[in-house]
Amino acid sequence: MVFTSESTAEKLSDTDYQVLERKVRHPFSRGVVREVHIVYTNFISNMAFEPATLKILPVSVEVGSTKPTAVEYDPSPEVVFDSIVRMYVGGMIRGALTESYAFELGARRNAMESATDNADDIIRD
């Protein structure tokens with residue numbers, strides 16, 4: 001199952017990110033997919049980038065030894081964890097799209113700089 005977005009990070013609203021997060025998280029929650037990965041362009045510098053893959057679900061949590069307590073939490077730990085996972089998935093999607101957009105802007109800048117340099121060379125010759 002693959003989800004793509006034609007919009008750039010600059011044009012996506014918070015609502016768009018929430019919709020995208022739900023589209024990614026729901027198949028995992030229902031057991032349709034076992035893992036969720038984000039594939040994006042990792043921005044290193046204006047001249048360097050690399051394709052990257054990031055596994056975002058399932059979230060691995062290390063549970064330490066805790067002593068049982070008589071304290072009840074409201075909301076329950078499950079509700080809190082679900083809320084954290086929603087924010088985590090949404091944040092990872094936003095981060096990946098922002099990195100890809102940063103690369104796109106750097107590539108555009110380099111292309112314009114190269115075109116300007118070439119035009120300067122033609123004018124001088």
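Tutor: Let us start with contacts, where the term means heavy atoms within 4.5 Å. Among contacts in the protein between residues at least 6 apart in sequence, 61% join residues at least 24 apart. Note that this is a predicted model, in which local features need pLDDT of at least 70 and side-chain atom pairs count only at pLDDT 80 or more, while totals for chains, interfaces and linings use all residues. Residues are numbered from 1 along each chain as its sequence is written, and side-chain values use heavy atoms, with hydrogens and water left out.

Student: What are the elements of the protein, and in which order do they run from the N terminus?

Tutor: Helices (H or I, at least four residues) and strands (E, at least two) are DSSP runs numbered from the N terminus. The protein has two helices and two strands, and their order is α-β-β-α.

Student: Why is tyrosine 88 called partly exposed?

Tutor: Buried means under 20% relative accessible area and exposed means over 50%, with partly exposed in between (1.4 Å probe, protein chains only). Tyrosine 88, found in helix α2 (residues 77-124), has 32% relative accessibility and therefore counts as partly exposed. Over the protein as a whole, 22% of the 125 residues count as buried.

Student: What makes Val59, Phe81 and Tyr88 a patch?

Tutor: A patch takes residues with over 30% relative accessible area and no salt bridge, joining like charges within 9 Å and nonpolar side chains (Val, Leu, Ile, Met, Phe, Trp, Tyr) within 5 Å. Val59, Phe81 and Tyr88 form a nonpolar patch of this kind on the surface, with about 240 Å² of accessible area together, and the areas come from the Shrake-Rupley method with a 1.4 Å probe, where for residues only the protein chains shown count as cover.

Student: What separates arginine 109 and glutamate 113 in helix α2, and how many salt bridges does a search of the whole structure find?

Tutor: Being four residues apart, arginine 109 and glutamate 113 are separated by about one helical turn, and their closest N and O atoms are 3.0 Å apart in a salt bridge. Arginine 108 and glutamate 104 also lie four residues apart in helix α2, and their salt bridge has its closest N and O atoms 2.5 Å apart. The search of the whole structure finds seven salt bridges.

Student: Which residues of arginine 108 and glutamate 104 fall where on the accessibility scale?

Tutor: Arginine 108 counts as partly exposed at 49% relative accessibility, and glutamate 104 is partly exposed at 24%.

Note on methods. A salt bridge is a side-chain nitrogen of Lys or Arg within 4 Å of a carboxyl oxygen of Asp or Glu.
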